[in-house]
Amino acid sequence: MLTLIAAVRRKPGMTRQAFLHYLHHVHGPLSAAKPLGVRRYVQNHVFDASFGAEGDPAHLTVFGRDAVTELHFDDEDALAATMSDPYTREVIGPDGAHFNDMPSALALLARPAAATPPPPSEDDGRVKVLHFPSRAQGVSPDDFTARTLAAHQVALSRDEPHTKAVRAHVHHVRVPGAEQALRHFGGPDQQVYEVVTVLYYDSADEALTHFPAYERSLREPSAETGRFYDPSRSFALYCREVTIFEQP
């Protein structure tokens, strides 16, 4: 399974409400009308966010994001067939310009790893936090990925309230390549993120209360992980998930 993840923000002059309405009720149905090789299409609507670390004199990157798209594919062939299809190139792609600030879009192709999927839920209050940790200077991508996963395990192994609040998690690890597919969203010059960690919580209050403690624990170096993480260029998006479609 592969997941194409795109963190986007609204185009200039557009309110967040108008952006989310268009994304959900116009762009979503356009995509659902012809799913092609997309196994599952999820929109994550951002309702809050945090950027950088306490004490930063200034944010070092333009972080503001309004939504994160997840497109799930069975394999690279399904991805390639979808992105090269005329419907994608002539309908879905051009429609993005109606709501997406294309130059700032941040996209990556990833493969799920070390996942504890959330159980099915009818509770609309459940939220997810998508954490985009940034690799510290001098740390290789492979080393960063391994140390991120190790630090996550250390953080969740503690008997503390912020660990008990996490209901499930999924790590999306970047797969190199797929530049053509990523250009569909714009933003070719954006920073590369090697891992996106998704944490699930029962409510917005639970996420807003407990995720900061989890994130701080990642910044505490240990013998196993050392200093691998640059919080100044990292960000977290608090989201409500909307499934547009899921093919059997």
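Two residues are in contact when their heavy atoms lie within 4.5 Å. Keep that in mind while walking through this structure, which is a predicted model.

Start with helix H3, residues 86–95. Which of its residues are buried? They are Tyr87, Thr88, Ile92, Gly93 and Asp95. Look down the axis of H3: the buried residues fall within an arc of 155°, so they line one face of the helix. What covers them? The cover includes helix H1 (16–32) and helix H2. Now look at the start of H3. There, a side-chain oxygen of Asp85 reaches to within 2.8 Å of the backbone nitrogen of Tyr87.

Next, move to H2, which spans residues 76–84. Ala81 has its place in this helix. Ala81 counts as partly exposed because its relative accessibility is 45%; the partly exposed range runs between the buried limit of 20% and the exposed limit of 50%. Follow the chain 17 residues from Ala81 and you reach His98. The C-alpha atoms of Ala81 and His98 are separated by 24 Å.

Now turn to the interior. In soluble globular proteins, nonpolar side chains tend to be buried together. Here, the largest nonpolar core has 27 residues. Those with the most contacts inside it are Leu4, Phe19, Tyr41, Leu71, Phe73, Leu79 and Met83. Several elements give two or more residues to this core, including strand E1 (2–8), H1, strand E3 (67–73) and H2. Strand E8 (235–246) is also one of them.

Take Leu71 as an example. Set aside its neighbours within four places in sequence. Leu71 is then in contact with Leu2, Thr3, Leu4, Val38, Arg40, Tyr41, Met83 and Phe185.

Finally, look at the rings. The structure holds twelve aromatic pairs. In the pair of Tyr22 and Phe99, the ring centres are 5.6 Å apart and the planes meet at 35°, so the pair is tilted. This pair links distant parts of the chain, as its two residues are 77 residues apart. Tyr22 belongs to helix H1, while Phe99 lies in the loop between H3 and strand E4 (106–116). Are these two residues buried or exposed? Both Tyr22 and Phe99 are buried.

Elsewhere, ring pairs link Phe47, Phe211, Tyr214 and Tyr238 into a cluster.

Notes: Residues numbered from 1 in each chain as written. Predicted model: local features only at pLDDT ≥ 70, side-chain atom pairs only at ≥ 80, totals over all residues. Heavy atoms only, no water. Helix = DSSP H or I, 4+ residues; strand = E, 2+ residues; numbered from the N terminus. Buried < 20%, exposed > 50% of the residue type's maximum accessible area, 1.4 Å probe, protein only. Arc of directions from axis to C-beta. Polar contact = N/O pair within 3.5 Å; in protein donor to acceptor, adjacent residues only side chain to side chain. Core = buried A, V, L, I, M, F, W, Y, C linked by side-chain atoms within 4.5 Å. Phe/Tyr/Trp six-rings, centres within 6.5 Å; stacked < 30°, edge-to-face > 60°.
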